[in-house]
Amino acid sequence: MKFLDQAKIFIKSGNGGAGAVSFRREKYVEFGGPDGGSGGRGGDIIIKCVDGLNTLIDYRYQQHFKAGTGTHGMGRQRTGADGKDIILKVPVGTQIFAEDNETLLADFTEIGQEMVLLKGGNGGFGNMHFKNSTNQAPRHANPGLAGEEMWIWLRLKLIADAGLVGLPNAGKSTFLASVTAAKPKIADYPFTTLHPNLGVVKIGNREFVMADIPGLIEGAHEGAGIGDRFLGHIERTRTIVHLIDGTQEDVVDAYTTIRGELEAYGHGLAEKHEILALNKADALTEEELAEKKLALEAAAGKKVHVISAVAGQDVDKVLFEVLGQLDDAKEAELAAEEEDNAPWTP
Ligand SMILES: Nc1nc2c(ncn2[C@@H]2O[C@H](COP(=O)(O)OP(=O)(O)OP(=O)(O)O)[C@@H](O)[C@H]2O)c(=O)[nH]1
Ligand SMILES: [Mg+2]
């Protein structure tokens, strides 16, 4: 299954400036030669792959991008200024397609990768350029060349940064709906979610992608329930948010069931950082909450967030922990890369 983020945008490179027709005028020089400068080049449309972006969301708000026009040439051999380039920043994994949404124009796989998609028009020559032995005083200059324009598609396969896991009915889809604009199906029966849903969490000035997958039950790794076939979608996430329905009798059992399935599945899921949250706090008394939280913390050996996905209560605490975790993971990756690149010393 593919998750796609895509945007259609219009791009136009700048027109070149026109060359100038002009003659030198100076005191005591009767026939000044031609001195009209050339026009400036139009700005380019450049696409650049940068760090720190996860989605194409910015291109939903602005869809037209026009680079600057070159200014005209001027007398006294002055060349016009070049038009301003436009640099469109895209995340790693972005592909650029032509307007038919099929013809691949570019594939951005590495940070720092850059490509001029549309070149600005050249500036026209000024009349000084046309002077030769037979024509000492040309009255002719070229206009600038027009820029190019087209519609393109930006497409990105999303990779979730955080994945929601839990038993059926734990409130995973409710959580996703409360923290993103995604609209997954939510209902009071198990296996409501039959395929994964993705949403973009915006928090402060940051954003990350969260995946909601179908609920797991005991034996999922052997195919029970909808099985483990969707766990592949969270193999590449940096962190897991494990939701536990607080209204069920035995929350510790719910916790260990899911842990057992993650371990049986393998592929590093059990070793992933896990954020634990006891959900449906709004439906429980203070005492019940305190008791269940304690029991869970003892079983898991870590902090448990108490939240209500429906009421949005304390969901931001979970999101901030996800952010912190993403930053830590990124730092660790960078450090590992540096180690790889370090010069060899005996
Ligand atoms: N009281 C209360 N009910 C909740 C809360 N979160 C979810 N629910 C309810 O729990 C039921 C299941 O919610 P879903 O979000 O569909 O659960 P899920 O984990 O996605 O379930 P599956 O897709 O079947 O795995 C729905 O009736 C929700 O309204 C909560 O914080 N408080
Ligand atoms: Mg669901």
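This is a predicted model: local features need pLDDT of at least 70, side-chain atom pairs count only at pLDDT 80 or more; totals for chains, interfaces and linings use all residues.
Colleague: Let's start with the overall layout. How many residues does each domain put into the contact between domain 1 and domain 2?

Modeller: The protein is divided into domain 1, residues 1-156, and domain 2, residues 162-340. Their centres, taken over C-alpha atoms, are separated by 48 Å. The contact takes 6 residues from domain 1 and 10 residues from domain 2.

Colleague: On to the metal. Which protein atoms are the donors of the magnesium ion (ligand 2)?

Modeller: Two parts of the chain are linked here, 20 residues apart: helix α2 (172-179) and the loop between α2 and β10 (197-203). The donors lie 2.0 to 2.1 Å from the magnesium ion, and they are Ser173 (OG) and Thr193 (OG1).

Colleague: Is α2 itself mostly enclosed or open, and what covers its buried residues?

Modeller: Counting residues, 6 of the 8 in α2 are buried, so the helix is largely enclosed by the rest of the structure. Those buried residues are Lys172, Ser173, Thr174, Phe175, Leu176 and Val179. What covers them includes β9 (162-165), β10, β11 (206-212), β12 (239-245) and α5 (315-341).

Colleague: Now for α3 and α4. What is the handedness of their crossing?

Modeller: Two packed helices are described by the angle between their axes and the distance between the axes. For α3 (residues 251-265) and α4 (residues 286-300), the axes come within 9 Å and cross at roughly 35°. As for the handedness, α3 passes α4 in a crossing that is right-handed.

Colleague: One last residue. Is Gly301 buried or exposed?

Modeller: Gly301 sits in the loop between α4 and β14 (304-306). Its C-alpha atom is separated by 12 Å from that of Val252, a residue 49 places away along the chain. The relative accessibility of Gly301 is 66%, and the cut-off is over 50%, so Gly301 counts as exposed.

Terms used: Residues are numbered from 1 along each chain as its sequence is written. Chains are lettered from A and ligands numbered from 1 in the order in which they are written. Side-chain values use heavy atoms; hydrogens and water are left out. Axes are lines fitted to C-alpha atoms, for helices over the stretch in contact, and angles run from 0 to 180 degrees between N-to-C directions. Helices (H or I, at least four residues) and strands (E, at least two) are DSSP runs, numbered from the N terminus. A crossing is left-handed if the near helix is turned anticlockwise from the far one by less than a right angle, and right-handed if clockwise. Donors are N, O and S atoms within 2.8 Å of the metal (3.2 Å for Na, K and Ca); water is not among the atoms, so sites may look incomplete. Buried means under 20% relative accessible area, exposed over 50%, partly exposed in between (1.4 Å probe, protein chains only). Contact means heavy atoms within 4.5 Å. Domain bounds come from an automatic or database domain assignment.
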